[in-house]
Amino acid sequence: MAPAFPSGDDRADFGTGGHRQFSFHDIVLRNRLTALVVDGVDFCRLVEQGFLRSCGLETQGVNNGDAAVELIASGAKFDLIIIDMFLPVMDGLETTRRIRALGERCKIVGVSAYIGENDREAFLAAGGDVFSEKPVSPEVLIPILRELDGQYSNI
Amino acid sequence: MARRMLDASNQGLLLQFWLATSSLSKGKTRMDRNRLQHQAASMRRSLFDQGYLDEPFIQLEELQDDASPNFVQEIVTLFYTDSARLIQNIEHALNSRPIDFDKLDDYMHQFKGSSSSIRAKKVTNECTVFREYCSAENAEGCMRSFQQVKQDYAILRRKLEVYLQMVRQAAVSQKA
């Protein structure tokens with residue numbers, strides 16, 4: 001049995017004045033979605049995959065850009081790719097460019113521990129869709145997942 | 001040294017906690033089990049209030065379930081392993097002459113990514129300060145900031161271990 005973490009008033013509002021922020025459990029997917037996480041730090045990749053799985057996605061993880069490009073080139077299909085901009089050997093920008101050059105049109109979210117002035121523009125120019133500071137939050141991810149799941153189709 | 005890292009309020013919590021577990025081992029009451037859970041919650045609250053963790057840390061706890069019963073301990077252990085490696089790399093880079101500030105920046109970039117992913121607030125903030133010194137190639141500033149990073153990390157690690165031990169004990173008490 002998994003140890004139960006404390007519940008109660010210290011979970012109530014995340015310090016936001018009584019308004020509870022998004023949780024990764026606030027989404028129920030109607031479709032089977034898949035995601036690839038590209039992050040060179042094992043711990044970060046595990047956390048990111050954990051969040052996606054808790055939302056109901058099937059996930060795969062790789063620790064460098066070359067492996068990500070090879071996976072896509074081999075025909076693997078994903079609805080979502082999360083790429084850390086800081087990767088060993090081939091950085092996240094180049095990885096994004098090469099994935100797009102293969103004709104892959106899925107949603108690509110770029111994440112970075114630091115966001116510089118031109119980082120977002122560079123990522124969008126490389127073919128990325130959404131750029132976020134690490135760690136990627138439910139507020140950023142859940143609307144993307146709902147869109148991918150077609151939950152906005154009636155809007 | 002570990003005891004010095006626990007401030008007075010946390011030492012008080014820890015003492016109450018050990019008294020409660022001790023009474024539990026003698027076969028006591030639901031009240032003791034509730035007290036353990038309450039104390040674990042208080043310890044976590046103090047981690048938030050003292051700025052060592054950000055409240056979205058709770059999102060990580062919510063990933064633990066019967067399918068992944070040790071998820072939090074696994075990621076925390078991996079965080080310690082990654083952090084130890086990066087701290088060693090940064091120390092080595094700071095002791096090299098001349099200092100390679102690009103390499104330093106790369107290591108700290110990774111460390112900030114890790115610490116932000118576990119919602120380690122103080123450590124993450126100090127990583128940002130370090131990076132500013134690094135960008136300015138201010139070696140003395142980097143060294144001072146890095147001392148703070150290491151201190152904040154060591155305290156966080158010690159408090160987190162205490163908290164997770166409390167959670168485990170509270171879980172054991174529920175089975176009793």
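Helices (H or I, at least four residues) and strands (E, at least two) are DSSP runs, numbered from the N terminus. The structure discussed here is a predicted model, in which local features need pLDDT of at least 70 and side-chain atom pairs count only at pLDDT 80 or more, while totals for chains, interfaces and linings use all residues. Residues are numbered from 1 along each chain as its sequence is written, chains are lettered from A and ligands numbered from 1 in the order in which they are written, and side-chain values use heavy atoms, with hydrogens and water left out.

Chain A has 5 helices and 5 strands. From the N terminus on, its elements follow the order β-α-β-α-β-α-β-α-β-α. Of the 155 residues in chain A, 48% are buried, where buried means under 20% relative accessible area, exposed means over 50%, and partly exposed lies in between (1.4 Å probe, protein chains only). Contact, here and below, means heavy atoms within 4.5 Å. Among contacts in chain A between residues at least 6 apart in sequence, 64% join residues at least 24 apart.

I72(A) is found in helix α2 (residues 65-73) of chain A, and with a relative accessible area of 9% I72(A) is buried. Leaving aside its neighbours within four places in sequence, I72(A) is in contact with L36(A), F78(A), I81(A), I99(A), L102(A) and E104(A). The C-alpha atoms of I72(A) and R100(A) lie 9.8 Å apart, although 28 residues separate the two in sequence.

The text now turns to the meeting of the two chains. In total, 33 residues of chain A are in contact with 41 residues of chain B. The area buried between chain A and chain B is about 3500 Å², and carbon and sulfur atoms give 66% of this area; buried area is the accessible area (1.4 Å probe) that two parts lose on being put together, summed over both. On the side of chain A, F5(A), F43(A) and Y114(A) lose the most area to chain B, together 24% of what that side buries.

A salt bridge is a side-chain nitrogen of Lys or Arg within 4 Å of a carboxyl oxygen of Asp or Glu. Between chain A and chain B the rule finds 1 salt bridge, and K112(B) and E133(A) meet through their side chains in a salt bridge at 3.4 Å, N to O. There are also 5 residue pairs in polar contact between the chains, both residues at pLDDT 80 or more. A polar contact is a pair of N or O atoms within 3.5 Å; within protein, one must be able to donate a hydrogen and the other to accept it, and residues adjacent in sequence count only if both atoms are side-chain atoms. Helix α1 (residues 42-54) of chain A supplies 8 residues, the largest share of the side of chain A that touches chain B. By class, that side has 21 nonpolar, 6 polar and 6 charged residues; Ala, Val, Leu, Ile, Met, Phe, Trp, Tyr, Cys and Pro count as nonpolar, Asp, Glu, Lys and Arg as charged, and the others, Gly among them, as polar.

Aromatic residues form a further theme. Rings of Phe, Tyr and Trp (its six-membered ring) pair if their centres lie within 6.5 Å; planes under 30 degrees apart count as stacked, over 60 as edge-to-face and the rest as tilted. Over all chains the structure holds 7 aromatic pairs. The ring centres of F79(B) and Y153(B) are 5.9 Å apart and the planes stand at 65 degrees, so this pair is edge-to-face. The pair links distant parts of the chain, with F79(B) in helix α4 (residues 71-95) of chain B and Y153(B) in helix α7 (residues 139-175) of chain B, 74 residues apart. F79(B) counts as buried at 0% relative accessibility, and Y153(B) is buried at 7%. F43(A), F79(B), Y80(B), F111(B) and Y153(B) form one aromatic cluster.

In chain A, E94(A) forms one with R97(A), the closest N and O atoms being 2.8 Å apart. Both residues lie in helix α3 (residues 92-101) of chain A, 3 residues apart, about one turn of the helix. In chain B, E61(B) forms a salt bridge with R44(B), with the closest N and O atoms 2.4 Å apart. E61(B) and R44(B) are both buried.
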